[in-house]
Amino acid sequence: MARPKREESPGRLSPSEWEIMMICWRLGRANVRHILREDLKTRIRDYRTILTFVSRIAKKGWLEVEMEGNTNSYSAAIPQEEGLKLEIERFLSETVGSDPEHLELLQEALDAKRRKATPRRLKSS
């Protein structure tokens, strides 16, 4: 069953908030200690800092909070694909617009990223 449309789009996430959001999507449900156990690129290692981040992410509408005993548990309020599409659309509308030259630059950047992500096959002799 399709989710009902939201009245408002969720708020923008900072790079650190994005990192935590990606962890929550991967884990499905997490508390602050679960997030701290992950290999955070931003090197955030303080319980209170992570708690502040997840509280902000929840306030922005990206995470749902559920009390489990005396600990809050966080899960995605938005499916990962939907969240990524939303951010991509925001980026495109704010930076690229519909200018054909900008769209060409975007296509070049996507092609370069795709080439880096695709493993090269060795030629067989």
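## The second largest pocket

About 160 Å³ of space lies in the second largest pocket of this predicted model. A pocket here is an open set of points on a 1 Å grid over the protein atoms alone, where a 1.4 Å probe fits and with protein on both sides within 12 Å along at least five of seven lines, and lining residues have an atom within 4 Å of a point. Grid points are joined across faces, edges and corners, and the volume is the space filled by probe spheres set on the points.

The lining consists of Pro-15, Trp-18, Glu-19, Met-22, Ile-23, Arg-26, Glu-38, Asp-39 and Lys-41. By residue class, this lining divides into 4 nonpolar, no polar and 5 charged residues, where Ala, Val, Leu, Ile, Met, Phe, Trp, Tyr, Cys and Pro count as nonpolar, Asp, Glu, Lys and Arg as charged, and the others, Gly among them, as polar.

## Basis of the values

Residues are numbered from 1 along each chain as its sequence is written. Because the model is predicted, local features need pLDDT of at least 70 and side-chain atom pairs count only at pLDDT 80 or more, while totals for chains, interfaces and linings use all residues; side-chain values use heavy atoms, with hydrogens and water left out.

## Overall fold

The chain has 5 helices and 3 strands, and from the N terminus on its elements run α-β-α-α-β-β-α-α. Helices (H or I, at least four residues) and strands (E, at least two) are DSSP runs, numbered from the N terminus. Of the 125 residues of the chain, 29% count as buried; buried means under 20% relative accessible area, exposed over 50%, and partly exposed in between, with a 1.4 Å probe and protein chains only.

Among the contacts in the chain with a separation of 6 or more, 51% are accounted for by residues 24 or more positions apart, a contact being heavy atoms within 4.5 Å.

## Glu-38 and Arg-26 in the pocket lining

Two residues of the pocket lining, Glu-38 and Arg-26, form a salt bridge in which the closest N and O atoms are 2.8 Å apart. Glu-38 lies in the loop between helix H2 (32–37) and helix H3 (47–59) and Arg-26 lies in helix H1, so the pair ties together parts that are 12 residues apart in sequence. A salt bridge is a side-chain nitrogen of Lys or Arg within 4 Å of a carboxyl oxygen of Asp or Glu. Side chains of opposite charge can pair when their charged atoms come close.

Leaving aside its neighbours within four places in sequence, Glu-38 is in contact with Ile-23, Arg-26, Leu-27 and Arg-45.

## Salt bridges involving helix H4

A search of the whole structure finds 9 salt bridges. One of them pairs Arg-12 with Glu-87, with closest N and O atoms 3.2 Å apart, and this pair links distant parts of the chain, with Arg-12 in the segment before helix H1 (15–27) and Glu-87 in helix H4 (residues 80–96), 75 residues apart. Arg-12 counts as partly exposed at 39% relative accessibility, while Glu-87 is buried, with a relative accessible area of 12%.

Another salt bridge joins Glu-81 and Lys-85, with closest N and O atoms 3.1 Å apart; both residues lie in helix H4, 4 residues apart, about one turn of the helix. Glu-81 counts as exposed at 55% relative accessibility, and Lys-85 is partly exposed, with a relative accessible area of 46%. Elsewhere, salt bridges that share partners join Arg-12, Glu-87, Arg-90 and Glu-94 into one network.

Arg-90 is found in helix H4 and counts as buried at 13% relative accessibility. A polar contact of 2.6 Å joins its side chain to that of Glu-87, and, leaving aside neighbours within four places in sequence, Arg-90 is in contact with Ser-9, Pro-10, Gly-11, Arg-12 and Trp-62.

Val-54, in helix H3, is buried, with a relative accessible area of 0%. With neighbours within four places in sequence left aside, Val-54 is in contact with Ile-20, Val-32, Ile-35, Leu-63 and Tyr-74. Val-54 and Val-32 are 22 residues apart in sequence and 7.9 Å apart in space, C-alpha to C-alpha.

Methods. Polar contact = N/O pair within 3.5 Å; in protein donor to acceptor, adjacent residues only side chain to side chain.
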